[in-house]
Structure formats: structure tokens, C-alpha cells
Amino acid sequence: MATDPTQLHQLSLLLGADPTHFETLITHLMSSSNDQRSTAESLFNLCKQTNPDSLLLRLTQLLSSSSLPEIRAMSAVLLRKHLTSASDDSFLYPKLNESTRSTIKNSLLSSLQHETTKSITKKINDTISELASAVLPDGGWPELLPFMFQCVTAQNNHNLQESALLIFARLAQFIGETLIPHLATLHGVFLNCLNNSTSGEVRIAALNATINFIQCLTNNSDRENFQDLLPLMMRTLTEALNGNQEATAQEALELLIELAGGEPRFLRKQIVEVVGSMLQIAEAGSLEEGTRHLAIEFVITLAEARERAPGMMRKLPQFVHRLFMVLMGMLLDIEDDQQWHGAETEDEDAGETSNYGFGQECLDRLAIALGGNTVLPVASEVFPAFLPASEWQQPHAALIALAQIAEGCSKVMIKNLDQVVSMVLNSFQHPHPRVRWAAINAIGQLSTDLGPDLQMKYHQLVLPALAGAMDDVQNPRVQAHAASAVLNFSENCTPDILTPYLDGVVSKLLVLLQNGKQMVQEGALTALASVADSSKEHFQKYYDAVMPYLKAILVNANDKSNRMLRAKSMECISLVGMAVGKDKCRDDAKQVMDVLMSLQASQMEADDPTTSYMLQAWARLCKCLGQDFLPYMRVVMPPLLHSAQLKPDVTITSADSDADIDDNDDGSMETITLGDKRIGIRTSVLEEKATACNMLCCYADELKEGFFPWIDQVATTLVPLLKFYFHEEVRKAAVSAMPELLGSAKLAVEKGQSQGHNESYIKQLSDYIVPALVEALHKEPEVEICASMLDSLTECIQVSGPLLDESQVRSIVEEIKQVITASSVRKQERLERVKAEDFDAEERELLEEENELEEELFDQVGDCLGTLIKTFKASFLPFFDELSPYITPMWGKDKTAEERRIAICIFDDVVEHCKEAALKYYDTYVPFLLEACNDESPDVCQAAVYGIGICAELGGSAFKPLVGEALSRLNGVISHPNALHSDNTMAYDNAVSALGKICEFHRDSIDAARIVPAWLNCLPIKSDLIEAKVVHDQLCSLVERSDRELLGPNNQYLPKIVHVFAEVICAGKELAAEQTVSRMINLLRQIQQMLPPATLASTWSSLEPQQQIALQSILSS
């Protein structure tokens, strides 16, 4: 509060009778002099604190009466700031008394009527819209809507009509539900303005209001009532074009694009006319580029609006062809710029136009949105006309287009690989270097999008073609691009495919390393790195030839122009080192580390790419050196932590401001629009941060207990990043690091390397990490990252287990409930999409991909619950009871096989780990298990029969009444005609194991003389190696105690037992534990004594020859 007499005097002047003092204050707020502005801000804030009513009344007075436009504009801005809650510290409206509020509202409406300057009217519109959004729903401005309806019908005042419509548009955005009672009136108003207004600006404002209003309607029949406005909405666009008012037409197009993205189904009934008009605009060469681009953007947006209108655009193949031709035409807009041939890196795009870039981007989006079945037939029809043309731009366009559509069409392209590959490889011989470059570019892109199929089928054609292109010495840019394509090709390659070509490829890349053009050298370095990475130890042969070149570049590429070359050499050295292994590269790795250390110590400029490459190279060298890397950590960690702690570089402006977010020439600024804010984010900062976070995770993983000294710093850096929503890769890295940090701490404590800390340190760390991970999971928007978080949580529980307290377990359980519920909601929304009128096979495929992510999520739910059950055993059961209503529905036939399997596995875990405490669940759950033995999914069946086995082993008398039914179900699995088909063998093995447990634990409830030999007859089992060891050990025990039913009358089953033992022993340690194999050998020696010589001879001769030889040797030793 003001106590200073001078301030009190100033206040009394400002808010006194003479308004000029206050007007001077507002002028000073806009002053370029810092001192004057700062003094004015202090006084203004003082008014705000002491007398908010008078302050805002003064502002409204200035807005309506000042003769200076800049003062009126500033008053409108300040009113908006203080009357709306966008900036909480300035929000004064709640503090005002009722009469002030009333005066302000009336004054705003009056100013709107009388203001003549367009830009100020817009600011008043914004203030009224935002204030109304806050107070109208509670009846806080009853005069507003009648006033607006009056303005909008004032035919003779276009400015007022436009303002009212723009306010309606904003209210529809913010509080659409309060306008719905006026639906019929608004329809009439919009119809009248669109149809009859002579002002283009009023028609555009009516279009804006109509589109926002349609989007706020939740009821289909309400939207239907507005269908008759669509031709008038389109007419707004065509009339603007006919009147050569392209700026107005572009405004209309931007609004229609918003409708296409937000409410595409509104366009469905008239889609042929609407899309036809847009394509006419796109095809009109006489129009401005910007207009044509927006018309194309409309059609692409409609194609992309899959979730709201699945399949709609695929019903219009004739339009896809027209659009494709327009985009191909844009790819022809390219010059043969001499700078391109000079092959200096910065001229990469020389000769390209904005049309060309836009055409590329749209082809990519179109193919992803509509899929290969729609786009590839069109491309196959169009490309043959372009490829043989004499102007180089035409074949170039076909090859560029092919590369752009490859990702979206990949599934269909893979089925037609022959045509695709021959089309591209034929162009490797084209006389024009830019066409050859485009062919190489296509092969690189196809290697990524169609791998590994392309690599497996066409390596013998593609690699020699790329090797040939590396010899094009007249065209260094072609050589460099061929090296880059080798990188793409080898990334999806197995060592056995790559190895036969290594001699030729590596020798050519070494030649390119010595090329005078830096771009060619860089291409060769990245290709060598990728080839080494993919060929693994096969690269050892080239190590001694390659490494001296790489080290020379690292040491000598010192000046500023060579920074990227030096950075790429680090990448290459570290990848080669990882490929050939520690023993081969240890000495060089230490030398390279010394060079990197000295680089680190030098002052590097902020934009030097070395930093980011160095971070990654260190982590790879750590993998080469293992624990030998520890001495370097004190130098490596500070810059790494600094990069991981970088703050995102974010700029926020208002979405409709004219100020472009500064791009700083490096193109690394990405903008997104959220509501009425435009947010710019510098991506290069985020990428460096993500790299650093990944590296921290790598070090913890590689160095284990050696990482202990850095755990505290890394944990406090990464835990907050679990909720870093600017960049997915940062969150993923933070998520992966959590169990690594806990594991490192636990090992260090166990091995006495924890600097005096004991288990309480692990508890502390766990208490910091686990709740943060649970909270982050609760807020995570991406399904894939939710699954990673659950996986990470499961690993954390495995490490800290019993250290978790009950409240932490409860929070995990609550979160699992939330995950299951959210997933069900998403699946339900997808089912709604299936009902859409244009839903088709491609949509179903995309839907299945989304559902696969849900399955991965459910997998992680199952693993997490299984880990909690294993860790806490019976004390977890109260939580299990709470979860039952969430898990039981997953057994339903309407659920996916994966959900059923997971539900069964959770119950299997309860039975196995909670022993007698789980008996109370048998009545409820075992019938589900028995039913699931018949499930058509082998995985579900396997989980069910495994569960029956555990229940038989641990269930005692609770299982006894179920034995008969269990035998019948197991028999169904074992004797099924396809039981030994590769898909079913795991279920078969588990059923045999379960049958063995019934034989052992419920002998008195079965016809043992029939069932025990039937079990023996199924042995050995060979697919589920865990169950095999259990079952074969059980067989040993039964033979050792001369089990009557197993040996049979007169030992008649001994030959079968010998057969089983022979197979198991000859399989080494695969089918039985070492101890079991020793017991079998001893038993075989005894059986040799027990069997009559003739029986022994015939048993022996029925074995495979190699089994006879192996057993002879084992038994005689």
C-alpha cells in the first residue's frame, strides 16, 4: 500500500478529475525509455493495488474518449489483461464492485459501436469475448446476446455486423453450450449474412462464426440443421476468387481447413462438390501459390481426419488421381541450379522452390493418410509417363514422389517390390546427375521404409549399384548421396547379407574419405559407421586399414568449417569400436578418449555440433572399455549433466499476432498452436537434451555399481523429466533410467562400493523414484510411453521389492486400475469408429495397429501385477481382491486373446506365490481355467493348462473335486490332432506337465494304471524348456522310487523310460538340469542290470544310431 506522501499525491492526480494525468501515464507505459516505463509501471501497479475500480473505469473512459488511437489501443489491451483470467496476477474482475462491472460492460459495448479503427475494434472484440466467456454461463451479462443479435442484423453497419459475428465465433469456441438454446436464431443470422451481405468481411466473419458453431455442436441432428449453409459457405470462397480478392479467399480457406480437421463429417453429404471445388483451385495455375497450397491443404486435412471420418476420402478415387497430378506438377517446379553441382553442403536445396517443398510434404502426408491400396495404383499409372520424358525434371519428379509415398504405401509396395526396385535402378544410368541423385535418394528411402524385405531380396542388385554410384567422380553430390544410401541400406541389414560385399564397399568408402569435398567425406564416415555397426565382428578384418584414417580426421579437422567432419569421425570411431569389440579396439579407444578429453577442455562455441556427437561417442566408448572407462567419468559427467539439464527454449505469442517466431536461420524452431497461443520450441536444444538423457541411462546400465558416485545427481536431473512433455525421447530416456539407477545402487551396496551407504540409501532412492514414476504414469498422454513406464515400474519393484511400503503399493494398484479403465475407454472409442459409414479395410488395419499398442500396455499390466504378487505374496491379496472387478472382465470371450492370457497369468501367479492363502479363489477362477483349455488361441490355452498344473500341485483337497474335469480338458489338449504343430507345442508341453502333477499329487483320485503310462507316453517334451526340466526331473524321481504304475506290470514300460532318458541325455543341458542328467545316467546303469538281455538288446537297437554311440560312451566312462 502507498504510504509515501509523494506517491499518495501522484495517485490522487491520476485518479482525480483531470483525465490528462492518467492519459500521460498510459503514454509512459509505451515509452521506449526504460526509466520512464519502469516508473509508470510502478504507479500503474500501485493504482491496481489501492483502487482497482477507479483504475479500470479510467481505462474504459480512455477507450471510449481518447482522440489518440495508440492510447485507445493500449487501454483495450490493458482492459483485456485485467478483466480476464489469462494472467492470474493481473485478474481484477472478481475484486470489482457490481456497479463498476456494470459500467465497464456497458462501456465496452458502447466503444464497440463507436470505434472506427479496425485494429482497435479487434482488441475490443477480444476483450468482450473473453470476459463474456467467463461471466455469461452464470448469467453475468444478460444484455450481451440481445445487443449482439441487434448488431448482427444492422444491415447498414458492416463493422458492427462483423464484430458481432467474430464475437459469436469466439463464444462458440469458449462456451458453445450457452449458445445452443439460440440455435434456430443463429442459423437464420448466419444464413442471412452469408447469403445477403454485400461486404466480403462480413461474409468471412459469418463463415468463421458458422464453422466454430458447427464444431461446438455435439448432437448430429443439430449439425444436420446447418447443412443448407454449406453451399453458401463455399460461395464465400468462390466469390472472393472471382472478385480477385485472394487475401479474402485465403482467409476463407483457412477457416474451411479448420472445419475439415475438426468436423469432417459435416462435409460428407456434399463432399463431391466441396472437394471438386478445392481441386479446381489447386489446378488453377493463374492463382497465387499461397491460395493453391491452402486448397491442397484442405483436401489433405480431410484425408488425415481419420479418427473423425474414417475412410471417407478413399471413396473418391477420381479425386486422389487429380490431387496426385497437381502434386506431381509442383515437383516439376525445380531449376538446375549450378550451385547444386558445386556440392557445398549449404546448397543442398539449390534450385528447389516452395511449390516443390510443399508438393513433397503433401505426397508423404497423402500416402500416410490414405494408405497404399488407394495411392499406389494412382502412382503406378502416373509414373510411367514421367520416367521416359526428355526433360530431366519429369523422371526426377517420379523418383522423388516414389520416395515420399514409400512410408505410407510400404505394406502394399512390399508385395510389388520387383517393379519398384527395377524402376529405381534403371534410373541409376540416367544422363542427368540430378535424376541419378533422386534414384539414389529413392533407394535410401525404400531401404528404410521397405526393410528388411528389400535388403533380403535385392542386395545383389542394390549394393553393386550404390558402389558404382560412388565412382561418379564428376558429381561429388551423387557420390556423397550414394554413401548415405549405403547407410540406409545397411541399417536394416543382417551381417550375413552385408559381409560378402564388405571388401568392395569398404574400399570405395576409404577412397571417398580422401575426397577433397567435405560433404563426400562426411557421407563416407556415416556410411562406414553404419556398415561397421551392422556387420559387427565381421568388420574386424578392416579395422587396421580404417582406423588410422578415422583418427587422422579426428586430430586434423580443427578449423570451424570442418567441425561437422570431426564430429562424424567421432561417431564413426565409436561405432567401429563397438562393432569389433573391446579386445580389438581397447588401445585406440584410450587414445581417442585422450583427444576427446582435450577437446572437452577447450572452449567450444554454442552451435558446435561436436558436443552432441561427443556425448554419444563417449557412451559407445564406455561400452568398448567397460569398467576401464571409469577414470574418464569425472570429465564426461559434468557436460553430460549440463546438456541433460538444458531448459527448453520456448517462445509464446498470441496465435493471431503478426510477429513471426524468430527462426534464427537454422530452421530448428517448431511451432504449434494451442487455443489462442502459438508456441515455438527450439528443437536442437531438445535433441541435445534427449541425447544426454539417453547417454546417462547407457552409463548406468554399462557401469553398474561403478556408476554409484553419480546416482544422486542423475536421479535429481532425470526424475523431474518423467513429465517433460516437450519431447517424447527425453521422457523415454528418463523412464528407462529409473530401474538402472536403483539397480546400480543395490549392486554397489551389496558389493561394498557404496561409499559407506547401506540398504537405507536404496530405500531413500526408491521412495524418490517409485512415487514419481507412478505420478508420471497417471499424466502420460502416449500409450506407448505408458507401457514403457509400467515396464520400468516393474523393474523397479524387482530391485526394491520389500522396501516399498503399503501406501506405495496402494498407489501402484490405483494407477493400474486407472490404466485398465483408460484403455477400455480408448477401445470403446475405436469401436465407434468402426460404425462410421465409410469405415473400410484400411481403417481396420490402422485400428488393429492402435489396438496392438493397447495389448502391449496390458502385457505390462500383467507383468507388473505378477511382480507385485511374487514380491508380497499373500499380503498382496487384499489388493488383488480390489483389482478383481477390473481383471475378471478380461476373461470374457469378447476380449482379445492377449487380454484373456494376461488375466489367466495373473491368477496363475496368485496360486503359485500365495499357496494356501489362494485356495479361497479356486471356486471362482478354476472353472475359467478349465474353460480356457479349449481356447482357440494357443497362448491362452498354454496359460490355462499351466495354471491347472499349479492348482493340482498346491491345491490339495480344494482341487480334488475338479480332478475329473481337469483330466478331460488336458486330454483334449494333448490328443488334439494338431497338438504337435509348432504353434501348439508350448500348450502341449504345459498340458503334459499338468498331467504329471495330477499323477503325482492326486494319484488316489485317478485311474493310475491307465493315466500314468499315458503321461509317460507323451515324454520327452522339448519346446517349453523350463517345464521340460521340471517334468524330466519328476520322471527321474518316480523311477528312483520304483513307482509301480510307471514301471508297469513286469517292468513293461522300462524300454520307453530308456528311450526318454536317451533323448534327454543326448540333448545336453537343454531338456534337464545337470544334476537330473547325472541321476538318469545312474538309473540307466541300474536298468541295464534289471532288464532281461533280449529286452535290453531290442531296446538298445530301437534307439537312433547316434544315441547308441553317445550312451555307450557315457555309460562306459
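A: In helix 31, Lys582, Cys585, Arg586, Ala589, Lys590, Val592, Met593, Leu596, Met597, Leu599 and Gln600 are in contact (heavy atoms within 4.5 Å) with Thr610, Met614, Ala617, Trp618, Leu621, Lys623, Cys624 and Leu625 of helix 32. By class, this contact has 13 nonpolar, two polar and four charged residues, where Ala, Val, Leu, Ile, Met, Phe, Trp, Tyr, Cys and Pro count as nonpolar, Asp, Glu, Lys and Arg as charged, and the others, Gly among them, as polar. The model is predicted, so local features need pLDDT of at least 70 and side-chain atom pairs count only at pLDDT 80 or more, while totals for chains, interfaces and linings use all residues. Residues are numbered from 1 along each chain as its sequence is written, and side-chain values use heavy atoms, with hydrogens and water left out.

Helix 31 (residues 582–601) and helix 32 (residues 610–625) pack with their axes 10 Å apart, at an angle of about 150°. Helix 31 is therefore roughly antiparallel to helix 32, a term for angles over 145 degrees.

As for the cysteines, a search of the whole structure finds zero disulfides, a disulfide being a pair of cysteine sulfur atoms within 2.5 Å. For Cys193, the closest cysteine sulfur, in Cys151, is 11 Å from its own sulfur, too far for a bond. Cys786 is likewise in no disulfide, the nearest cysteine sulfur being that of Cys864, 13 Å away. Cys193 counts as buried because its relative accessibility is 1%, and Cys786 counts as buried at 9%, buried meaning under 20% relative accessible area (1.4 Å probe, protein chains only).

Methods
Buried means under 20% relative accessible area, exposed over 50%, partly exposed in between (1.4 Å probe, protein chains only). Axes are lines fitted to C-alpha atoms, for helices over the stretch in contact, and angles run from 0 to 180 degrees between N-to-C directions. Helices (H or I, at least four residues) and strands (E, at least two) are DSSP runs, numbered from the N terminus. Angles under 35 degrees count as roughly parallel, over 145 as roughly antiparallel, 65 to 115 as roughly perpendicular and the rest as oblique.
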